[in-house]
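Biologist: Can you walk me through this one? I'd like to start with the ligand.

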Amino acid sequence: MKVTVFGIGYVGLVQAAVLAEVGHDVMCIDVDETKVEKLKKGEIPIYEPGLAPLVTKNYEEGRLRFSADPRVGVEHGVIQFIAVGTPPDEDGSADLKYVTAVARTIAEHMSSHKVILDKSTVPVGTADKVRAVIREVLNARGVDITFDVVSNPEFLKEGAAVADCRRPERIVVGTDNPEVEAWLRELYEPFNRNHDRMIVMDIRSAELTKYAANCMLATKISFMNEIANLAEYLGADIEKVRQGIGSDSRIGYHFIYAGCGYGGSCFPKDVQALIRTAEQVGYTPRLLRAVEDINNDQKLKLPQYISRHFGEDLRGKTFALWGLSFKPNTDDMREASSRILMEELWKRGAMVQAYDPEAMNEAQRIYGHRDDLRLMGTKEAALQKADALVICTEWQSFRAPDLDAIKQALRQPVIFDGRNLYDPERMYKRGFAYYAIGRGASLSQF
Ligand code: UDX
């Protein structure tokens, strides 16, 4: 099938490459001409496992093309994906200006029936807005062309985006037109073999499904962080509690890891956006507000432990930081806990020596040159002459480090672990002051 994808970001590029791989003829459009030119040369704007070879192969074989010319895009696809960003505006609501701009562009150039598909995470009611924008432009042009608007939210996770897209757990489709459903069944047929993963519903329910999924996951994390905080007062260990409750199949083991807070481009933004949506319709979202508050506080946990150990004034102190990205296997630092941590340390006069397996360029881009940040080439280099080690991201390569080497490199054997990677008992035996999240018995020693 001929498909056009507007927006070559995370969602758009991964989706486009995966659709091309199964044989669809995919045209990607982006207003950023530099990005388009780079992609044509095989330069991929984001780090995502498996994405670069997939894009290159399908581009070379002609099933995946890139252009900055929207007319080419509108002409090309029967199905037009809208996969542009929906950043938060000043009050936290999702800003729809890019989505409506694409809708306008499609309407300005279309000359035959199109299925317009909202892939971006958009608030309930967006499909109606997109429909209204298109109708308005078509009326102004004085043409009478039919079109459909569908909600088809994306559930991919960064770091596993290609795999998630190739093997989706579910394909949620919001439409009121059975003919459109049949087209989407054809489009997604290669991903929908063996058992039917397509869940078809009305448009508003599909739009809400996306927010509900992310907010439920964020709620699980904030819930565990709340219990972790309580465990510290009670002298209990959240890691034991996690295993205890995860074994109940109704609860499950996924997404119940306490830590220094959730980040990324989705959870913080989507929780906030659903709060605003609720407020706008006159409903008070008590649980969602608590989820957000707990997470904001959780990002301050490590700085609090650091104050407990070293006092408020950190002038003259250097901290080794392992992990800058908001989670492993990505270079994305949006809303990352590491940023709050560094900013707190800088406020108190400390120096940060940071290392991340993938996010060094991103950190350089965000912070540029500063006297109080050294970006180090290896995790070992980051430790040299630091007063303590702080861990913000659970990269595999941080899981079993040489503890003796850490002890030798640091001025003092102190570790602040925001991802609970090590066994507290073992750390004490090896002579470390070890602060982790919600590990009560261990923390009471300090
Ligand atoms: C999320 C959803 O998982 C995905 O379905 C949706 O499409 C987009 O948003 P993503 O933002 O890529 O994906 O990351 P995810 O793996 O969900 O992690 C989000 C954050 O939660 C990370 O900062 C992670 O460290 C944190 N987290 C996750 C925890 O603190 N504890 C957990 O148990 C799980």
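This is a predicted model: local features need pLDDT of at least 70, side-chain atom pairs count only at pLDDT 80 or more; totals for chains, interfaces and linings use all residues.

Biologist: Fine. Which helix gives the most to the shell around the ligand?

Modeller: Helix α9, residues 203–234, with three residues.

Biologist: And how many residues surround the ligand in total?

Modeller: 19. The closest are E158, Y257, Y262, G264 and C266.

Biologist: What's the make-up of that shell by class?

Modeller: 11 nonpolar, four polar and four charged residues.

Biologist: Where does the ligand lie relative to the domains?

Modeller: Between domain 1 (2–201) and domain 2 (234–446), because both give residues to the shell.

Biologist: Switching to the records. Which residues does UniProt's "binding site" annotation cover?

Modeller: D30, K35, T86, T121, E158, K269 and R334, from an unreviewed entry. They spread over 305 residues of sequence and, in space, up to 24.6 Å between C-alpha atoms. K35 sits in helix α2, residues 33–40.

Biologist: What does the record's domain annotation cover?

Modeller: Residues 320–424, as "UDP-glucose/GDP-mannose dehydrogenase C-terminal", again in an unreviewed entry. That stretch is 30% helix and 18% strand. Its end C-alpha atoms are 20 Å apart.

Biologist: Last topic, helix packing. At what angle do α1 and α3 pack?

Modeller: About 55°, with their axes 9 Å apart. α1 spans residues 10–21 and α3 spans 51–60.

Biologist: Why call them oblique?

Modeller: Angles of 65 to 115 degrees count as roughly perpendicular and those under 35 as roughly parallel. At about 55°, α1 and α3 are therefore oblique to each other.

Biologist: Is the crossing left-handed or right-handed?

Modeller: The α1 and α3 crossing is left-handed.

Definitions and conventions
Residues are numbered from 1 along each chain as its sequence is written. A residue is near a molecule or strand if its C-beta atom, placed from the backbone, lies within 6 Å of it. Helices (H or I, at least four residues) and strands (E, at least two) are DSSP runs, numbered from the N terminus. Ala, Val, Leu, Ile, Met, Phe, Trp, Tyr, Cys and Pro count as nonpolar, Asp, Glu, Lys and Arg as charged, and the others, Gly among them, as polar. Domain bounds come from an automatic or database domain assignment. UniProt positions are given in the numbering used here, feature names are shortened, and annotations may be inferred rather than shown by experiment. Axes are lines fitted to C-alpha atoms, for helices over the stretch in contact, and angles run from 0 to 180 degrees between N-to-C directions. Angles under 35 degrees count as roughly parallel, over 145 as roughly antiparallel, 65 to 115 as roughly perpendicular and the rest as oblique. A crossing is left-handed if the near helix is turned anticlockwise from the far one by less than a right angle, and right-handed if clockwise.
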